[in-house]
Amino acid sequence: MTFDDILKSSFLEKVTAISPLDAVIAMAVAFALGLFIFFVYKKTFSGVMYSQSFGISLIAMSLVTTLIITAVTSNVILSLGMVGALSIVRFRTAVKDPLDTAYMFWSLTMGILLGAELYTIALVVVAGISIAMLALAFFRLRTPNTFLLVTHYDQAAEAEVMDFIRRIKVQRLRSKTVTPGGVELTVEVQLRERFDIVNKLMDTEGVHNLSLIHISEPTRHAQIS
């Protein structure tokens, strides 16, 4: 059979009927899975500013993609036209966290599977990815965080300040500036959620102020003065 024979046949004109009940079931499942993805995103979020609108958009993407795939699977000509129409769509919104992109593709994947009525595969995929994301978030919280410790102190207090810094297991000197008014010391350190050493360092006589900056997320910082 040649390509011309395929065009002349009724294959391209074949339309698969979609009942309203099937569409409602697909939309209901898409909403439920989208809501679950939103829950996982909220639990594993570790960025600077949490955006609830992005979480809601994950649910909307699951619903919209489900409708598109449901329509595409009903007719071959419609699917070709849909591919051409969607190829000109460009998204201009910048994604602040690269991990947000993974959640977007996760929602789109759920919509594709549900639109194709692959409900069992969709449930297996959403369960597997959610377990993986929660596990990665758990281990990420258990690992030490890297900070820049910036301290301003008098030269007379240098011995005591350095003694405190040496108590931190992982630390690296970044810069040291000495002026007539005092010393500015910048050290890269790794700390967990407890900052007891940093708080005690602030109580040292001769220490004027202290800043602790999360260098893996530069806009998030905590300052003790």
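Axes are lines fitted to C-alpha atoms, for helices over the stretch in contact, and angles run from 0 to 180 degrees between N-to-C directions. The model is predicted: local features need pLDDT of at least 70, side-chain atom pairs count only at pLDDT 80 or more, and totals for chains, interfaces and linings use all residues. Residues are numbered from 1 along each chain as its sequence is written, and side-chain values use heavy atoms, without hydrogens and water.

**View 1. Crossing of α2 and α3.** The two axes come within 8 Å and cross at roughly 155°. α2 and α3 are therefore roughly antiparallel (angles over 145 degrees). Helices are DSSP runs of H or I, at least four residues, numbered from the N terminus.

**View 2. Contact of α2 with α3.** Contact means heavy atoms within 4.5 Å. Among the α2 residues that meet α3 are Ala30, Gly34 and Phe38. Their α3 partners include Gly55, Ile59 and Thr66. The contact residues divide into 14 nonpolar, 5 polar and no charged.

**View 3. Helix α3, residues 52-72.** This helix has 21 residues. From first C-alpha to last it reaches 31 Å, close to the 30 Å expected at 1.5 Å a residue (1.5 Å times one less than the number of residues). Buried residues (under 20% relative accessible area, 1.4 Å probe, protein chains only) include Phe54, Leu58, Met61 and Ile69.

**View 4. Packing of α2 on α5.** Helix α2 (residues 20-44) and helix α5 (residues 98-115) pack at about 165°, axes 10 Å apart. That makes α2 roughly antiparallel to α5. Leu33 and Ile37 are among the α2 residues in the contact, and Trp106 and Met110 are among those of α5.

Terms used: Helix = DSSP H or I, 4+ residues; strand = E, 2+ residues; numbered from the N terminus. Parallel < 35°, antiparallel > 145°, perpendicular 65-115°, else oblique. Buried < 20%, exposed > 50% of the residue type's maximum accessible area, 1.4 Å probe, protein only. Nonpolar A, V, L, I, M, F, W, Y, C, P; charged D, E, K, R; others polar.
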